[in-house]
Amino acid sequence: MAQQIPVDPKARADDPARDAERDDSTHEITGDVAYQRLVLVNVVFVGAPGAGDRGWVLVDAGVMGAKGAIKAAAGKRFGAGARPTAIVLTHGHFDHVGVLEDLAEEWDVPVFAHALERPYLDGSASYPAPDPSVGGGLLGRLSPLFPTKPVDVSRRLQDLPGDGAIPPMGGWRWIHTPGHAPGHVSLWRETDRTLIVGDAFVTTAQESAYAVALQEPELHGPPMYLTIDWGAAHHSVRALAGLEPERVITGHGRPLQGQEMRRALHALAEDFERVAVPEHGRYVAAPLRAADGSAYAPPQ
């Protein structure tokens with residue numbers, strides 16, 4: 001099983017009691033940032049409660065079958081029928097775009113992503129095959145069954161601007177954090193040091209169904225079975241640790257905050273090769289990259 005850096009449970013950034021009082025199917029991290037857990041993955045809602053139609057942004061689009069749950073949570077949090085201003089993607093893996101096409105069409109919204117993710121989002125390229133030999137665990141072994149084919153939201157797709165701005169998210173900036181995917185980005189708000197990580201690192205052993213079910217807080221590198229460039233992934237974790245975030249919301253696992261989280265994140269960055277990188281694996285010695293086109297497989 002994958003190595004990990006344990007984190008004191010007191011570093012959790014969510015508050016179950018407060019969430020139960022609100023009862024809107026989300027876990028609130030700050031006044032205008034909340035996440036929803038959808039089986040294997042988290043989606044993030046950015047916007048103040050009651051923001052109304054076009055007053056908020058959805059980050060990532062969950063797994064297949066999650067449309068009803070996302071819409072219901074959005075309606076409770078922002079108002080009945082409230083649509084987002086946009087959908088912003090950290091990357092395009094299957095568990096982050098599961099209902100993207102349906103939601104983008106129904107809500108009539110633009111989709112923002114890094115330009116290097118475009119081929120996976122306009123139907124022109126598939127992701128490379130997952131590697132079931134890394135990480136151990138049931139989900140890792142089942143990874144060949146996970147879809148890698150692209151979605152097609154080309155009519156609504158917009159590249160994130162080169163200056164780091166996120167047009168629908170004032171006060172936030174995107175940071176290119178490749179390794180897990182060529183165009184993976186994390187979202188950063190410096191004013192309160194909030195970081196929406198995506199899968200650049202995660203807070204559970206995503207290869208293990210047992211760990212995913214328990215959600216015990218710990219720091220891991222990106223999910224092993226879909227990471228195609230470990231050198232880039234290490235560089236990305238170092239960059240994020242250097243931000244000294246106050247709180248992190250990851251694509252998998254619970255959000256964490258404070259000094260204990262930062263200690264663990266720096267430990268992960270410093271000892272990444274031992275903690276996060278598998279000893280052997282399809283992409284360990286032969287990384288795939290956007291620059292030479294190897295990261296883009298023919299569309300299925």
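Residues are numbered from 1 along each chain as its sequence is written, and side-chain values use heavy atoms, with hydrogens and water left out. Because the model is predicted, local features need pLDDT of at least 70 and side-chain atom pairs count only at pLDDT 80 or more, while totals for chains, interfaces and linings use all residues.

**Exercise 1. Describe the span of helix H8 and the placement of its buried residues.**

Step 1. Helices (H or I, at least four residues) and strands (E, at least two) are DSSP runs, numbered from the N terminus. The expected span is 1.5 Å times one less than the number of residues.

Step 2. Buried means under 20% relative accessible area, exposed over 50%, with partly exposed in between (1.4 Å probe, protein chains only). The buried residues of H8 are Gly-258, Met-261, Arg-262, Ala-264, Leu-265, Leu-268 and Ala-269. They lie on the same side of H8 because they cover an arc of only 165° around the axis, taken from the directions from the helix axis to the C-beta atoms. Gln-259 and Glu-270, on the other side, are exposed.

Step 3. Among the elements packed against these buried residues are helix H7 (230-242) and strand S13 (247-250), where contact means heavy atoms within 4.5 Å.

**Exercise 2. Find what lines the largest pocket, and which helix gives the most to that lining.**

Step 1. On a 1 Å grid over the protein atoms alone, a pocket is an open set of points with protein on both sides within 12 Å along at least five of seven lines, a cavity is a set where a 1.4 Å probe fits but cannot get out, and lining residues have an atom within 4 Å of a point.

Step 2. The largest pocket holds about 360 Å³ of space. Of its 21 lining residues, Met-64, Phe-94, Val-97, Gly-98 and Val-151 are the closest to its centre.

Step 3. Helix H3 (residues 100-107) gives the most to this lining, with 3 residues. Leu-100, Leu-103, Ala-104 and Trp-107 are the buried residues of H3. Their arc of only 100° around the axis puts them on the same side of H3. Just after H3, Asp-108 takes a positive phi of about 55°.

**Exercise 3. Identify which strand gives the most to the lining of the largest cavity.**

Step 1. There are 3 cavities of 30 Å³ or more, and the largest holds about 40 Å³ of space.

Step 2. Strand S4 (41-46), strand S11 (194-198) and S13 each supply at least two lining residues. S4 gives the most, with 3 residues.

Conventions:
Grid points are joined across faces, edges and corners, and a volume is the space filled by probe spheres set on the points.
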